[in-house]
Amino acid sequence: MDRLTTLDLFVRIVDAGSFAAGAEQLGLSRALASRAILDLETRLGTRLLNRTTRRLSLTEAGAAFYRRAQRITADVIEAEEEATALHARPRGLLRVNAPMSFGVLHVAPALAAYLERYPEVSVDLTLNDRVVDLLEDGYDLAIRIGRLADSSLIARRLAPCRILLCAAPSYLAAHGTPTHPSDLARHRCIAYAYGGDRGEWVLTGPEGEARIRIGARLQINNGDAIQAAIREGYGIARQPDFIAAPDLAAGRMVQILPEWRLPEIGIHAVYPPARTLSAKVRSFVDFMAERFARPSWSLDSRK
C-alpha cells in the first residue's frame, strides 16, 4: 500500500472510530487495514492508536500525525479536483472556526442557507474564543474579530464591528451615569479576558483622545457571559454591537458616553494562502460577505 493510501486509510479509521468502518470506505478488508497501520507505526517507530476491544483512541503522537495526515489528504483531494477542473464546484468537508458569541448568534444561523445553496458541501463548525492555528488544527478558514496580527494568512473583511460602552439601567440608577471618560475610573468595570487593553480603555470624542485606567475586579473570557453580568447590574463593559444590539433595543441595557467612540474593529474571514483558492472556501467567504454586507446588528442601520 502506498503512503498516500495509508494516510487516507489512517484518517478514515480515526474519523470512523474503527478499523472495519475505515477499511470498508476504501474497499479493503479489516485485516489488511490493520496490517497497513501496524506497518505505518513500525516505520514511524511510535504507536499512533491505542486499541481496546471497545474503542480506538489516538496517542499523543497519533493526534499530531492525524492532524497532518488530515491536511495532506485534503490537499491531495483539492489538487485532483483542480487537475480535473472539478474545483469550480464547491464540495467536500469545510472546517470552520469562529468566536463563540458571533458563531452562535450569526454564523450558525447562516449555515442552513449556505448548505441549501451548496448541497455538495458539509460544514464542521467549531466555536471558541481563542485564536487557533489554522494549519496545526486542521481548519480551512476562521472568522476573527479585532485587529489582525501580522501573519501569512489571507484576510477578507466581512463586516465592521463597533464597540460600545454599556451598562444596565439598574446599575446607572444606583451608581450614576458617567458624563465624561474620566468618570469611568470611579465605576465598576468588566474586562474581556482576551482583550489586549484590559487595564486601559481608549476613547475618542469631542476633546480628542482619552486614555482611562480602569480597575476591573471582574474579568470574563466570553462576550455572552459579559452581557449577562451587565444585565444583572454589575457594572460597565465594552461590548461589540453584534451582541449588544438586542438588549439596547429592548431597553435592558443603555449605551453610555455615545459621543465618545472606542476603536472600531473588523470581522474577517482568514484562510491559508494558496495559488488557487478552493471552491468550498471561496463559496463560504463570498456567502458570508454577502450576508453581512448590511449587518442586522448595526445600530446605524436601525436609524
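Biologist: Which order do the strands take in the open sheet of five strands, and what kind of pairing does this sheet have?

Modeller: In this predicted model, the strands of the open sheet follow the order β11-β8-β12-β7-β13, and their pairing is mixed. The edges are formed by β11 (218-220) and β13 (254-255), each of which pairs on one side only.

Biologist: In which sense do β7 and β13 pair, and over how many bridges?

Modeller: Strand β7, which covers residues 163-167, pairs with β13 in the antiparallel sense, over two bridges. To find one of these contacts in the view, look for Ala167, whose bridge partner in β13 is Val254.

Biologist: Which strands does α9 lie across?

Modeller: Helix α9 lies across β7, β12 (236-240) and β13, and runs at about 115° to β12.

Biologist: How should I read aromatic pairs, and how many does a search of the whole structure find?

Modeller: The general idea is that two aromatic rings are described as a pair by the distance of their centres and the angle of their planes. Searching the whole structure gives six aromatic pairs. One of them joins Phe102 and Phe242, whose ring centres are 5.0 Å apart and whose planes stand at 80°, so this pair is edge-to-face. Because Phe102 belongs to helix α5 (residues 100-117) and Phe242 to helix α9 (residues 241-250), the pair ties together parts that are 140 residues apart in sequence. Phe102 and Phe242 are both buried.

Biologist: How are the rings of Tyr114 and Phe287 placed?

Modeller: The rings of Tyr114 and Phe287 have centres 5.5 Å apart and planes at 70°, so they too make an edge-to-face pair. With Tyr114 in helix α5 and Phe287 in helix α10 (residues 279-291), the pair ties together parts that are 173 residues apart in sequence.

Biologist: Which residue lies over the face of Tyr234?

Modeller: That residue is Arg188, which is placed over the face of Tyr234 at 4.7 Å from the ring centre.

Biologist: How many disulfides does the structure hold?

Modeller: A disulfide is, in general, a covalent bond between the sulfur atoms of two cysteines. The structure holds zero disulfides. For Cys166, the nearest cysteine sulfur is that of Cys161, 11 Å away, while for Cys189 the nearest is that of Cys166, 12 Å away.

Biologist: Are Cys166 and Cys189 buried or exposed?

Modeller: Cys166 counts as buried because its relative accessibility is 0%, and Cys189 is buried as well, with a relative accessible area of 0%.

Methods: Residues numbered from 1 in each chain as written. Predicted model: local features only at pLDDT ≥ 70, side-chain atom pairs only at ≥ 80, totals over all residues. Heavy atoms only, no water. Phe/Tyr/Trp six-rings, centres within 6.5 Å; stacked < 30°, edge-to-face > 60°. Helix = DSSP H or I, 4+ residues; strand = E, 2+ residues; numbered from the N terminus. Buried < 20%, exposed > 50% of the residue type's maximum accessible area, 1.4 Å probe, protein only. Lys NZ or Arg CZ within 6 Å of the ring centre and 35° of its normal. Disulfide = S-S within 2.5 Å. Pairing = 2+ DSSP bridges. Contact = heavy atoms within 4.5 Å. Axes fitted to C-alpha atoms, helices over the stretch in contact; angles between N-to-C directions.
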